[in-house]
Amino acid sequence: MSITDRKPVRVVVLGGGTAGWMSAAGLAGLLGPLVEVTLVESEDIGIVGVGEATLPHIRGYVERLGIDEAAFMQATHATYKLGIDFRDFGRIGESYVHPFGTFGEEVAGVPFHHYWLEMQRQGRAADIGTYSLGVMAALENKFRPPSADASLTSTYGYAYQFDATLFGPFLREHAKKLGVERVEGKVIEVVRDGASGDVTSLKLESGQSLEGDLFIDCSGFRALMIGGALEEEWEDWSQWLPCDRAAAMPCAHVTQEIQPYTTATAMPAGWRWRIPLQHRIGNGYVFSSSFISEDEACSAIAAAAEGTQLADPRVLRFRAGRRKSSWNRNVIAVGLASGFLEPLESTSIYLTQMAVTYLLELFPIDGKIDPRDRDEFNRLVDMEYDRVRDFLILHYHATERDDSEFWNHVRTMRVPDSLQEKMTLWREAGRVEKYSDGLFYDASWIAVYIGQGLLPERHDPRTRLPDPARIERALGSLQQAIRDQTAAMPGHREFLTARAERL
Ligand code: FAD
């Protein structure tokens, strides 16, 4: 049977936030005539409208859909992001950058950080960030896309920081061109087949009924299908990630410079973000309501954020965790309906993207769901969430802070066994577990461990060379090459302006 002879699978997407439009555009764009996609959204209900910082993987999504990067960035007032500057997490007054890139390079099969640990022990190494081009370019407010060769200029990556209220509408226009049908209206009932339990249609307030073979639940925290109709269980992670609120507030720029990075600053009952966009700065205090009230958090973010306040702080409520299964019967939850992890490492849009990617790989082309595909999807999605969860908990747990009840709690809490094992491996031998898929890679763990002052007891003994001055010279040359490359890059704002002028 040729592709065009097949009856397309009818996919109904519930929700027109970032997750809904990423799903609809991804399925329509990459499955073409195999699917017929309808998306229903309600303007009355609206979208979450936060979620401004991303990870480099999003570039793959933009590219695969044939979206022009410059046009997309202009439409969403986007800036480039080279990493996150973490302040006051390990100790008050200390900071480090978690870059989208590496530190130094492997020598004779021994990872760079082991050499750094040895030189640091001997008092011959500088801050590890000075051996990363991504870190140094970020701190100098410089930007240029990395090269595709294997040289120093290929050792970093980048993502975007954009206006979350403009990303969905941008994708909507793209998805409509791909044939996605948009229906405006409020879903009031999820209709299920009495025998199989599968969802058969969504009933709208207007009386309209949307029938489908496969339903994607992108209804956000409401989780109308996965949580409401199917009652899929929620795995609660608040014992490890106690933050359950955010007070978000935009401000005007205060300087000409636009930082090509997000800043995360630890606060007495959580942390606050600062995300520079082209036209404004997004700020928000992510906090635990067990340790501070909403009013106090709103006052704290208003006092901490620089620049003229463009709106009053808006409080958003959430719970850390995920569905036990994101794919149940013929319903697949994507985005906030599937789970939530606070934006400490900007991972939510990434998790949406990965859910769409896995769904594409395991898509029931003939409309019949193979339970093995469903199980595999759930395994992959769980793996992604669990990895991110452990990495986020590390930021709280690897601290010496004892200046507030909140920090005492997270510093002394029992962490998941999977994280405990990773931390033990690091502490005892300076090793980082290797992944072939999922987040986060070695350099990310190393950035946080070292950045937050958690140094291992031992490291690779092969780094104890008879002539340590040779390694010291090599480190010095690397630092110099990084300084030279950084100096040759244009300023971030300058690069953005030149790019916009070429449109
Ligand atoms: P929503 O935006 O809530 O969309 C839900 C959709 O469902 C809406 O269109 C709504 O109208 C529709 N809907 C609901 N019920 C009905 C109904 N009955 N009938 C019809 N339509 C309905 N992510 C990142 O990657 N980076 C970040 O920096 C980041 N920061 C964040 C900060 C905070 C404080 C929060 C809370 C989240 C953050 N996120 C971040 C997550 C990000 O905001 C979400 O992943 C993203 O917005 C996707 O949301 P969504 O589409 O799942 O849900």
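Me: How many bridges join strand β15 to strand β16?
Reply: Strands of a sheet pair through backbone hydrogen bonds, either parallel or antiparallel. Here β15 (residues 270-276) and β16 (residues 281-287) run antiparallel and are joined by 7 bridges. Strands (E, at least two residues) and helices (H or I, at least four) are DSSP runs numbered from the N terminus, and two strands pair if DSSP finds at least two bridges between them. Arginine 274, for instance, has asparagine 283 of β16 as its bridge partner. This is a predicted model, in which local features need pLDDT of at least 70, side-chain atom pairs count only at pLDDT 80 or more, and totals for chains, interfaces and linings use all residues. Residues are numbered from 1 along each chain as its sequence is written.

Me: In what order do the 7 strands of the open sheet lie?
Reply: The order is β5-β4-β14-β15-β16-β13-β17, with mixed pairing. β5 (95-99) and β17 (314-317) are at the edges with a single partner strand each, so one side of each has no neighbour in the sheet. Neighbouring strands are turned by 20° against each other on average, direction ignored.

Me: Which strands does helix α8 lie across?
Reply: Helix α8 (residues 294-304) lies across β13 (245-251), β14 (262-267), β15, β16 and β17, and runs at about 30° to β13. Such angles run from 0 to 180 degrees between N-to-C directions, with axes fitted to C-alpha atoms, for helices over the stretch in contact. Two residues are in contact if their C-beta atoms, placed from the backbone, lie within 7 Å.

Me: What is the strand order in the open sheet of 3 strands?
Reply: That order is β8-β9-β10, with antiparallel pairing. The edges are β8 (187-192) and β10 (209-211). Strand β9 (residues 199-204) pairs with β10 over 3 bridges, and serine 201 has glutamate 211 of β10 as its bridge partner.

Me: At what angle do helices α10 and α12 pack?
Reply: Two packed helices are described by the angle between their axes and the distance between the axes. For α10 (residues 371-397) and α12 (residues 417-429), the angle is about 60° and the axes are 9 Å apart. The two are therefore oblique to each other; angles under 35 degrees count as roughly parallel, over 145 as roughly antiparallel, 65 to 115 as roughly perpendicular and the rest as oblique. The contact is made by Asp386, Asp390, Ile393 and Leu394 of α10 with Ser418, Leu419 and Lys422 of α12.
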